[in-house]
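This briefing covers the overall fold and the ligand site. Please read it alongside the structure shown here.

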Amino acid sequence: MSLERGQFSSKIGFILAAAGSAVGLGNLVAFPVAATKNGGGAFLLMYAIFVVAICLPLMIAELSLGRNTCRNPFGAFKELSNNSPIWKFFGMFMMITPFMIGVFYTVVTVWIVGYLFEIVTGNLDVLSQAETFGQFINSPDVFLYMAIVFAMVKLILVGGVKDGIERLAKFLMPALFVLLIALMVYVLTLENAFLGVKYYLIPDISKITLPVISGALSQAFFSLSLGMGILITYGSYLRKQDDISKSAFSVAMTDSGVAFLAGLMILPAIFSFNPETDTSQLTSSSVGMIFVFLPKIFLALQADIGYFGASLIAGIFFILVLFAAITSLVSIIEVPVAGFIDNRGYPRDKALLIVGELMAALTVIAALSFGMSQFFTEFVSYAGKVKSFFDILENVFYDTILPINGLIVCIFVMYRWKQANFNAEMETGGEGIARTWMQKYVNISLMTFIPVILALVAISTIALKFFGVNLLA
Ligand code: PHE
């Protein structure tokens, strides 16, 4: 490993940093929304199965690839395939994915900053009105907040792996956990909260449909930062003495635990404010849903602790969501940055500048696509609907490409890099896994049914999202 490449300083530092990447808007915002829309318990069940049966083996594969090569995805694919053009292409693809996801991720992070600002200036009550969100995302203020987000990310990334990413995560992750639990306990004391708990925890098997399955899988991938080369890149900063499978397990459990708690806070709150909630009526463009409900949850605290107290708690929560989002964003941007450093030999600040500028330009376009620019708002139409630039990013990179990238990783690791090399890397620092049923499961699943499932999900998602055809109906 070359000297300038960063390295995490401890096992727990790595776990917190990887968990910092994994825990983000996906857990605190997207997961509760997806669970509410997709049948509650049915979604939770599918999600849990996917995390354990599919995501965990893939996570181990990605981390092993990264640590073995000490490279970003492109470098890892290139090195282990002896420069094969096809694999280099796929490696490149895996660098572009986080970049594009970073664009829509930044947009939502910008909204969080804006909401935080409104809360701090005493406007929690305004935020809790349903029409505020639509107005807010179309106000030019978003560009100011965007500048703030970029500045924060840059500040951390300049610090590098150990002093920037790891230091931040070590403090923020535990704080987030504590606050989340406190809020959840409060919500569960609200009237009608149990309706939400029931909807969330008792699966209605008849609700397991194709959109629920594909939604749960994309959500699990996104939430665990899989299929984006992030874990390959973070794996490249992992020390040889660290146990890859145990680390992967800790990261997956932390991430799922946070998502579960967020669900246990948000779903009961939704039902508590509106016991008649008809979940089938929730529209598909409901990232915004959470931006309506969260302020309401906090405003309800007013009865117990007054408006100031409610705003204070809301402010703290939004700060933590913001930091969770920033640690994720940092990991997303780290991938292309590591790419420029490794492949082109650029110094870190030059790589950051190039990636940052490109990303800023696309983020501005995405932010304009909610109405400010008609061109980007009604960018194209497919599957019978007009889609904005933001919708496309979501449909292409979040819904479709993540499973495809997962498929590529399986095939690469098992059929090109080969099982013996993969197992040797897994056993480095983690001798205990050698020849266990766990290792056998990881090997066999990655070789057989995981790629098959991922391929089927990818095909059916493409049919559904882009052609409006439900293959299972
Ligand atoms: N996993 C993060 C979340 O749940 C998002 C993320 C996506 C992070 C892609 C890194 C890469 O919010």
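The chain has 20 helices and two strands, taken as DSSP runs numbered from the N terminus (helices H or I, at least four residues; strands E, at least two). The model is predicted: local features need pLDDT of at least 70 and side-chain atom pairs pLDDT 80 or more, while totals for chains, interfaces and linings use all residues. Residues are numbered from 1 along each chain as its sequence is written, and side-chain values use heavy atoms, without hydrogens and water.

**Overall dimensions**
- Along the principal axes, the C-alpha atoms fill a box of roughly 60 × 50 × 45 Å.

**Ligand shell**
- The ligand is surrounded by 15 residues, each with a heavy atom within 4 Å of it; the closest are Ala22, Gly26, Tyr105, Phe222 and Ser223.
- Seven shell residues are nonpolar, eight are polar and none is charged, with Gly counted as polar and Tyr as nonpolar.

**Polar contacts and burial**
- Polar contacts are pairs of N or O atoms within 3.5 Å.
- A ligand oxygen atom lies 2.6 Å from an N or O atom in the side chain of Tyr105.
- Taken alone, the ligand exposes 320 Å², and the protein buries 100% of that (Shrake-Rupley method, 1.4 Å probe).
- The elements giving two or more residues to the shell are α1 (11–22), α2 (25–37), α11 (210–223) and α15 (302–344).

How values were computed
Polar contact = N/O pair within 3.5 Å; in protein donor to acceptor, adjacent residues only side chain to side chain.
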